[in-house]
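This report covers the pockets of a predicted model and the contacts made by its aromatic rings.

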Amino acid sequence: MFEVRETARQVAGKSGLVRVNREAVVTFAEKLSSREVQIPPWDREHHFRGSDEETVAYLLVLDTLNFCFWPPPGKSRWEIEYRGKTFSGYYALAVSLKKALEAGFPLTDSRYLATLSPDRLQQILSGRGTLQLMDRRLENLRELGRMLVENCQSRAYELVVSAGRSAVALARLLDRMLSSFRDVATYDGEKVFFYKRAQLFAADLHGALDGKSWGEFHDMEELTAFADYKLPQVLRQIGVLEYAETLADQVDRSVFLEAGGREEVEIRANTVWAVELIRGELRGKGRDITAPEIDWILWNLGQEDRFRKRPYHRTISIFY
């Protein structure tokens with residue numbers, strides 16, 4: 001997306017707390033170009049897959065709730081049990097919603113979402129430990145339900161249809177129609193666009209539906225990386241992102257960074273721009289892959305312990 005890419009470039013050019021190491025960009029791109037690191041396939045194990053219509057609705061609910069999985073200080077992380085396995089973080093969310101649909105909770109019904117009760121949401125997302133921002137999660141789902149009822153004939157796929165097979169248009173629609181997807185910050189008096197979950201929804205549709213039906217988009221290459229807290233953690237570990245000493249100390253001590261503050265915006269913007277630079281290096285080496293595909297590679301690396309030697313930054317936010 002032009003506005004995300006361009007404002008990330010501008011912030012990266014002015015950043016004083018975060019910088020992109022170009023040599024590390026080249027080194028990582030060389031690994032990708034040699035196919036030493038592969039693009040992971042769509043994860044079918046943890047996600048619900050019903051009819052195309054049900055799958056679109058499930059993914060929209062999933063990405064409406066896809067944020068802030070780490071526990072508050074002094075609390076244990078949120079975990080769930082499913083079919084003899086323990087899941088936490090994003091996987092716990094994906095599986096919780098899958099489990100709820102299998103149990104008969106009508107999560108694909110927009111009217112149900114619009115009037116969802118706190119107790120019912122707590123039941124759907126029940127488990128051990130603490131999942132933050134439950135009030136905002138409920139507010140997000142109710143807003144989603146109302147929007148679909150009022151503007152999309154209560155059908156999630158109608159929102160996708162109205163985007164005309166454009167992933168970029170779909171992300172912009174979500175920004176315009178749902179405040180919970182309006183992922184925009186301010187830096188030196190100028191707007192900085194991220195649209196993390198809005199872009200991710202388009203990419204999830206594309207992956208889950210194999211680029212067909214409502215997952216067929218003609219402009220997937222226009223999407224950027226999805227700026228969260230896992231990608232910069234990995235990029236820092238491999239030396240692509242470098243933090244100023246003061247910021248490094250804050251992140252390493254798990255000091256909270258203000259949502260929309262200078263530190264957080266620089267981390268996220270440089271994450272987006274670093275992925276663009278990696279992509280450019282790859283293109284020059286004859287391997288043209290999209291920013292979402294690079295994002296997916298980095299995110300999956302972030303599930304490995306060797307890329308968790310340094311902590312991720314902590315920001316309380318509904319956007320990631």
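## Largest pocket

A pocket here is an open set of points on a 1 Å grid over the protein atoms alone where a 1.4 Å probe fits, with protein on both sides within 12 Å along at least five of seven lines; lining residues have an atom within 4 Å of a point. Volume is the space filled by probe spheres set on the points, which are joined across faces, edges and corners. The model is predicted, so local features need pLDDT of at least 70 and side-chain atom pairs pLDDT 80 or more, while totals for chains, interfaces and linings use all residues. Residues are numbered from 1 along each chain as its sequence is written, and side-chain values use heavy atoms, without hydrogens and water.

The lining of this pocket comprises 41 residues, and Tyr90, Asp228, Trp296, Trp299 and Gln303 lie nearest the centre. At least two lining residues come from each of α4 (89-102), α10 (196-208), α11 (230-237) and α14 (291-301); helices are DSSP runs (H or I, at least four residues) numbered from the N terminus. Helix α10 supplies the largest share, six residues. The lining has 22 nonpolar, nine polar and 10 charged residues, where Ala, Val, Leu, Ile, Met, Phe, Trp, Tyr, Cys and Pro count as nonpolar, Asp, Glu, Lys and Arg as charged, and the others, Gly among them, as polar.

## Second largest pocket

The second largest pocket has a volume of about 210 Å³. Helix α2 (residues 22-33) gives the most to its lining, with four residues. By class, the lining divides into six nonpolar, one polar and three charged residues.

## Aromatic pairs

There are 10 aromatic pairs, counted when ring centres of Phe, Tyr or Trp (its six-membered ring) lie within 6.5 Å; planes under 30 degrees apart are stacked, over 60 edge-to-face and the rest tilted. Tyr229 and Tyr312 form a tilted pair, 4.6 Å centre to centre with 45° between the planes. Tyr229 lies in the loop between α10 and α11 and Tyr312 in the segment after α14, so this pair ties together parts 83 residues apart in sequence.

Tyr229 is buried at 10% relative accessibility, and Tyr312 is buried at 17% (buried is under 20% relative accessible area, exposed over 50%, partly exposed in between, with a 1.4 Å probe and protein chains only). Elsewhere, ring pairs link Tyr90, Tyr91, Trp296 and Trp299 into a cluster.
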